[in-house]
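Please open the structure in a viewer and keep the selection tool at hand. The stops below are to be visited in turn.

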Amino acid sequence: MIIIYSDILSYRLVYTLNVMFKYVCGIDYQLTNNLEDFKKSINPKINYSTQSCDDSLQIIPSNLLFEKEIKEQEIQVDWIDEIPFFFKTNGDLSHDIFAATFYMVSRYEEYLSFKPDIHERFPAENSLAFKNDFLKKPVVNLWVIVLQNKLTKLFPKIVFPVKNTNFINTLDIDVAYSYKSKGLVRFWGGFAKAIFSRNKEEIKQRKTFLMSQKDPFDAYDFISDCSKNIKTHYFFLLGNRGAYDTNIHHAKKGLKKLILRLAREHEVGIHPSYQSNKNSDLLPVEIKRLEKVLEKKVTISRQHFLKMSFPSTYESLINQGITNDYTLGFASQVGFRAGICNVYPFYNLHREQQRPLWLVPFQVMDGTLNQYLELEPEQAIKEVKDLIVEVKKVNGLFVSLWHNSSLSETGIWKNWQKVYKEVVGLMKNSEL
């Protein structure tokens with residue numbers, strides 16, 4: 001048990017300590033604003049104040065955790081031993097890592113005004129982490145290790161739990177099949193379009209499907225064979241058809257059969273449609289569609305197109321009984337959107353409250369590697385390997401995001417099955 005003193009107690013401070021100690025360290029703490037009790041304690045002590053106190057680790061606070069408004073922060077990033085720090089103060093630690101942690105994990109900067117991308121998302125390139133070249137570092141986990149090392153030197157008897165690196169492999173099923181279960185009108189309409197546009201590859205694929213019934217998006221056996229002994233989640237898009245929501249109709253037997261097949265061995269969640277992010281009335285309809293197929297409650301989700309807004313998207317999920325969301329990552333860049341590779345709770349800055357929704361950040365998406373960064377398969381494998389190494393350094397959680405369509409070996413996805421196979425192999429390799 002660590003005892004922490006602060007002149008002022010705030011919801012922001014309690015939340016930050018929960019994240020750093022309970023969810024990253026795996027150790028409990030006691031927070032007090034009684035200085036005399038703090039001084040008398042024989043437990044390892046952190047003094048989060050400007051008060052003088054012997055036999056404690058002092059972190060002098062900046063103002064962030066005691067403010068109640070949301071405003072632009074003056075931030076200068078300093079690098080010490082290849083680790084970035086900000087919110088500089090003077091104490092046993094040169095920076096207020098509690099405030100820095102809160103800034104990152106609350107996604108404070110995403111509550112400020114910003115220029116959105118074409119899908120109205122917060123661009124990775126706008127982030128403090130990208131601008132200061134630490135997006136590929138799990139800085140919160142690194143700050144926790146710095147704190148642990150400081151505490152161990154000051155209090156040699158303190159023991160922190162030993163943690164292991166964990167992995168979750170996830171797949172978004174935006175379009176379950178390229179041709180199967182779509183119906184004759186959509187199939188032959190697509191065939192006519194391919195002929196009219198002289199798309200030779202599409203014509204060839206449709207002819208192959210007519211002869212063999214082999215669908216290029218049916219990569220599920222390949223995924224299963226590669227992913228044995230790796231925790232795998234599937235997220236299904238069951239929204240109404242729209243410009244960016246093009247899956248098979250939710251009532252098709254082929255789609256239901258696939259969902260039930262995968263749910264026998266893996267956890268299945270909802271992939272809220274692009275349209276649902278602006279029309280929250282659609283979300284419960286889509287969740288109920290999946291629950292009807294599964295005949296059980298759905299509690300996990302990831303937004304289609306990673307489309308979300310703080311805090312409204314998460315509050316909508318909470319209202320519908322979602323307990324774990326896997327959306328927290330960037331589309332255009334790989335790395336650590338919130339600077340952390342641990343599951344942790346959502347904090348609503350508008351409410352100033354920790355909320356009942358666990359966030360599961362991911363570090364890499366197939367589309368980021370191929371479509372945004374335009375990497376060749378070998379380059380993509382190296383990029384992912386480097387990220388896994390960073391996660392292993394801090395014994396965190398590595399989460400990857402794939403699509404069945406990106407494993408089709410067609411079009412821009414030729415030779416990408418080997419990337420998936422290699423990445424899953426890296427996730428299984430404890431010696432990496």
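Helices (H or I, at least four residues) and strands (E, at least two) are DSSP runs, numbered from the N terminus. The model is predicted, so local features need pLDDT of at least 70 and side-chain atom pairs count only at pLDDT 80 or more, while totals for chains, interfaces and linings use all residues. Residues are numbered from 1 along each chain as its sequence is written, and side-chain values use heavy atoms, with hydrogens and water left out.

The peptide bond that joins F310 to P311 is cis, with omega near -10°.

In the loop between β10 and α11, select F305 next. F305 is not a glycine, yet its phi is positive, near 65°. With a relative accessible area of 29%, F305 is partly exposed (buried means under 20%, exposed over 50%, partly exposed in between; 1.4 Å probe, protein chains only).

Proceed to E409, in the loop between β15 (397-403) and α14 (417-428). E409, also not a glycine, has a positive phi of about 60°. E409 is partly exposed, its relative accessible area being 30%.

Finally, display the open sheet of four strands, ordered β2-β1-β3-β4 with parallel pairing; two strands pair if DSSP finds at least two bridges between them. Its edge strands, β2 (29-32) and β4 (57-58), each pair on one side only. Within the sheet, β1 (residues 2-5) and β3 (residues 45-47) pair in the parallel sense over three bridges. Select I4 to find its bridge partner in β3, I46.
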